[in-house]
Amino acid sequence: IPHGTAATSERTSKVVGVIEALARGSGGEPELREAMEILKGLPLLSVELWAKLARAAAGVQVWNVALECSREAAKVMPLGLELNDIEAPSEVPEIDSNGWFWLAVSESIEGRAIMALVRPRAQSDVTQLNLRRTALDSFVVASRFACFVRKADLVEHVARLAWAAAKPFLRKPLLRVSIIRPLGIITSNLNMLGAADRHFQVHLNVVLLEALSSGRMWAEALTCVDEAMRCIPNRSLHRPLLTWKAYCLAQSGRNALSEMTKVKEYIPEYQGHAWAVLSHHSAARYDQVQALQQSFKAVAMQPWNKADYLTEYAEWLISSGQNDGDTAEDVLLSAADALLEFDVGEEDEEEEEAVKKEEKPMAAEDPKKKKKKKRLGKSIEEASLDPNKPPAKLTAPLLDRLMRIWVMLSQVANSADEHTDYMLTAHHYAVRMLTSAIIAAHHVPKSGSSQPKEHPPAAPDATAADGTAAGGGGGSGGTETPADVVSESGTAAATAAAPATPSTAEGRSAEPGQGEQPGGAAGP
């Protein structure tokens with residue numbers, strides 16, 4: 001037994017006792033300082049103990065001690081080597097996989113400790129951004145070291161911490177460009193190992209694409225899109241990625257029409273949406289009209305979606321004056337016919353009967369009314385808004401589309417009589433939409449009803465990896481996750497009614513790379 005082994009074991013046990021006491025909620029900075037002095041006196045540097053002590057200090061919000069412990073753990077590196085310079089574990093063979101893991105934990109805690117130094121009310125914007133950029137560098141190192149030992153949960157945890165640190169950089173294009181490198185490394189590591197929350201993985205890739213588009217790095221952005229699509233097997237999550245691929249193809253100067261043929265492997269609604277985005281951002285009129293025609297051809301078997309893209313095509317014909325062959329009026333009438341397939345007639349009588357039945361529950365129902373209800377299929381509450389499923393009847397979004405179509409028809413009418421007829425028809429569908437909304441409001445439970453309230457699900461917690469992957473302990477310190485900026489089941493009407501440009505997470509429609517984005521990643 002080497003000389004001094006017993007004394008070392010006794011001092012190590014004291015440090016472990018302090019860590020366990022802090023985990024139980026007893027102790028504070030004096031005990032942490034005492035444990036630090038003990039660890040400094042050990043003959044060999046223990047990365048694991050320093051990392052655990054840093055994690056315990058973070059758990060009790062003693063961030064200055066946590067920062068010092070994390071930097072002590074980093075001293076395990078040989079002289080002349082910095083943590084940022086390590087690209088592969090083979091560069092430092094004396095550190096085993098356990099050492100790389102605890103170095104990843106200590107670096108993630110160092111980044112959190114630096115984030116704790118941010119004081120929005122007491123510091124200038126430049127100071128805050130510098131602190132956040134330093135924290136991002138620590139998260140990059142933590143992500144890389146966690147990737148060395150294939151710890152996917154720790155990589156995802158660090159990515160969430162990096163997301164919280166990067167949020168203020170997303171406000172302006174130049175700030176977004178400044179975080180391309182750290183964001184690219186962290187996103188690449190997350191794609192390599194995969195994330196438990198695939199939605200978060202998609203949104204982080206979208207943030208990176210927003211940063212690359214701000215720097216007009218179209219080739220790199222297309223490479224990132226392809227990598228993300230390859231690493232995320234669930235194609236139902238690819239809608240925002242397809243949006244950015246179409247946008248980057250339109251901006252890159254490539255032959256976008258030939259590249260976009262690869263979208264045929266997706267569902268029709270995704271195909272139509274991608275073609276519509278390409279048409280909005282193509283510079284040449286030929287590319288615009290070809291993309292628009294491909295958009296409604298992709299959903300030819302889904303008339304409820306086809307109507308949207310026909311409406312966009314008609315709008316393009318009106319604005320560009322290209323009325324040769326297909327006139328805007330013919331296209332709009334085709335769009336109206338596509339939606340009128342789902343018009344099962346007025347529902348006022350049925351709804352009035354439903355209201356009377358509530359007032360007189362014992363009254364027998366007319367068999368004719370039963371037959372009509374069966375034909376209508378679904379109630380207002382049950383009407384499907386899934387763009388991939390045919391609607392049972394004209395819901396409020398479909399009525400809104402019809403109203404828009406008839407108003408546009410009134411703008412291209414050839415006579416005053418046609419103009420009046422089209423406007424009256426638009427008014428008819430506006431009244432129907434308002435009536436359906438009033439009836440739906442009537443069926444909403446009153447505030448004093450005894451029905452249990454449904455609480456929204458809690459936001460995903462980003463505290464697991466630092467504690468679970470690292471063996472328990474401190475969490476993320478209130479890390480935020482990206483908002484669900486892209487609705488995977490959003491209707492094609494939203495695509496047609498709003499610009500098909502990627503927009504900010506808070507719903508501020510803007511050209512990619514030009515709009516402010518304080519809340520998160522860009523989406524379609």
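Predicted model: local features only at pLDDT ≥ 70, side-chain atom pairs only at ≥ 80, totals over all residues.
1. Overall composition. The chain contains 23 helices and zero strands. It has 524 residues, of which 49% count as buried. Among contacts in the chain with a separation of 6 or more, 69% are between residues 24 or more positions apart.

2. Helices α7 and α10. Helix α7 covers residues 152-166 and helix α10 covers residues 198-214; their axes lie 11 Å apart and meet at an angle of about 45 degrees. This angle makes α7 oblique to α10, and the crossing of α7 past α10 is left-handed. On the α7 side the contact is made by Glu156, Ala159, Arg160 and Trp163, and on the α10 side by Phe200, Leu204 and Val207. Sorted by class, these are five nonpolar, no polar and two charged residues.

3. Helices α11 and α12. Here helix α11 (residues 218-231) packs on helix α12 (residues 239-252) at an angle of about 155 degrees, with 9 Å between the axes. An angle over 145 degrees counts as roughly antiparallel, and the two helices are therefore described as roughly antiparallel to each other. The crossing of α11 past α12 is left-handed. From α11, the residues in contact are Trp218, Ala221, Leu222, Val225, Asp226, Ala228 and Met229; those of α12 are Leu241, Leu242, Trp244, Lys245, Tyr247, Cys248, Leu249, Gln251 and Ser252. The contact has 12 nonpolar, two polar and two charged residues.

4. Helices α20 and α21. Helix α20 (residues 396-411) and α21 have axes 8 Å apart, at an angle of about 165 degrees. With that angle, α20 is roughly antiparallel to α21; α20 passes α21 in a left-handed crossing. Residues Ala396, Leu399, Asp400, Leu402, Met403, Trp406, Val407, Leu409 and Ser410 of α20 meet His419, Tyr422, Met423, Thr425, Ala426, Tyr429, Ala430, Arg432, Met433 and Ser436 of α21. By class, 13 of the residues in this contact are nonpolar, four are polar and two are charged.

5. Ala430. This residue belongs to helix α21, which spans residues 416-443, and is among those of α21 that meet α20.

6. Asp308. Helix α16 (residues 303-320) holds Asp308. With a relative accessible area of 3%, Asp308 is buried, because buried means under 20%. The side chain of Asp308 is joined to that of Arg401 by a polar contact of 3.0 Å.

7. His280. This residue is located in helix α14 (residues 268-281). His280 has a relative accessibility of 38% and so counts as partly exposed. The side chains of His280 and Glu312 make a polar contact of 3.1 Å. The C-alpha atom of His280 is 8.9 Å from that of Ala291, which lies 11 residues away along the chain.

Definitions and conventions. Residues numbered from 1 in each chain as written. Heavy atoms only, no water. Helix = DSSP H or I, 4+ residues; strand = E, 2+ residues; numbered from the N terminus. Buried < 20%, exposed > 50% of the residue type's maximum accessible area, 1.4 Å probe, protein only. Polar contact = N/O pair within 3.5 Å; in protein donor to acceptor, adjacent residues only side chain to side chain. Axes fitted to C-alpha atoms, helices over the stretch in contact; angles between N-to-C directions. Parallel < 35°, antiparallel > 145°, perpendicular 65-115°, else oblique. Left-handed = near helix turned anticlockwise from the far one by under 90°. Contact = heavy atoms within 4.5 Å. Nonpolar A, V, L, I, M, F, W, Y, C, P; charged D, E, K, R; others polar.
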